[in-house]
Amino acid sequence: MHTITSMGIFEDVVKRAPKEVCDICLALRSLIAGLHPDAVEVPRPGEPSAAYGYGEKKMSEAYAYIMPQKTYANLGFYHGASIASTDSLLEGTGKTLRHIKVRSVVMAQSDAIKAVLLAAMDERRTALGL
C-alpha cells in the first residue's frame, strides 16, 4: 500500500477511537491492503478518515474510506450507489455515498465485507478506465 502522508498517518486517524473501534479499523485496513496491495491510502486525521483508491483524489479516484465512530467503524464507499451489493449491508440515501457500520473485527473480516470492497474496486477501475 502506498500512503500519502501530507495530511497525517493512519494512526492519527484512529488515535482517539476506543480500542475496540481501533481494532476494527485496523482489520479493515488490513483487508483492503490484502485485496489491493497497490492501493493509495490517504489518511485525513482532521475528518477523521482514511481513503483508499487508485489515486489521491477522494471523490474520483478513491473507492472506500474508513472512519472511526464511538462504537463502530464506518466503511464508506464514495460511489456506493453505483456498486452492486448482493445483500443489505450498504446504508445511506445520498446521491452517491453509501456506508457499512462495521461493529466487530469478525464482521470486518467477513466474506460479505470483502465482496462489497471488491465490487467498489471494480466500479472505480471501470469508471477510471483502468
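**Reading the sheet and its helices**

Six strands make up an open sheet of mixed pairing, ordered β1-β2-β3-β4-β5-β6. This is a predicted model in which local features need pLDDT of at least 70 and side-chain atom pairs count only at pLDDT 80 or more, while totals for chains, interfaces and linings use all residues. Residues are numbered from 1 along each chain as its sequence is written, and side-chain values use heavy atoms, with hydrogens and water left out.

User: Which strands stand at the edges of the sheet?

Analyst: Strands of a sheet pair through backbone hydrogen bonds, either parallel or antiparallel. Two strands pair here if DSSP finds at least two bridges between them, and strands (E, at least two residues) and helices (H or I, at least four) are DSSP runs numbered from the N terminus. The edges are β1 (2-3) and β6 (98-102), each with a single partner strand, so one side of each has no neighbour in the sheet.

User: How many bridges join β1 to β2?

Analyst: Two bridges link β1 with β2 (residues 40-44), and these strands run parallel; Thr3 stands opposite Glu41 in β2.

User: Which strands does helix α2 lie across?

Analyst: Contact means heavy atoms within 4.5 Å, and angles, from 0 to 180 degrees, are taken between N-to-C directions of axes fitted to C-alpha atoms, for helices over the stretch in contact. Helix α2 (residues 19-35) lies across β1, β2, β3 (49-53), β4 (62-68), β5 (73-77) and β6, at about 165 degrees to β4. Helix α4 (residues 111-128) also packs on the sheet, where it touches β4, β5 and β6 and makes about 140 degrees with the direction of β4.

User: What order do the elements follow from the N terminus on?

Analyst: The order is β-α-α-β-β-β-β-β-α-α, with four helices and six strands in the protein.
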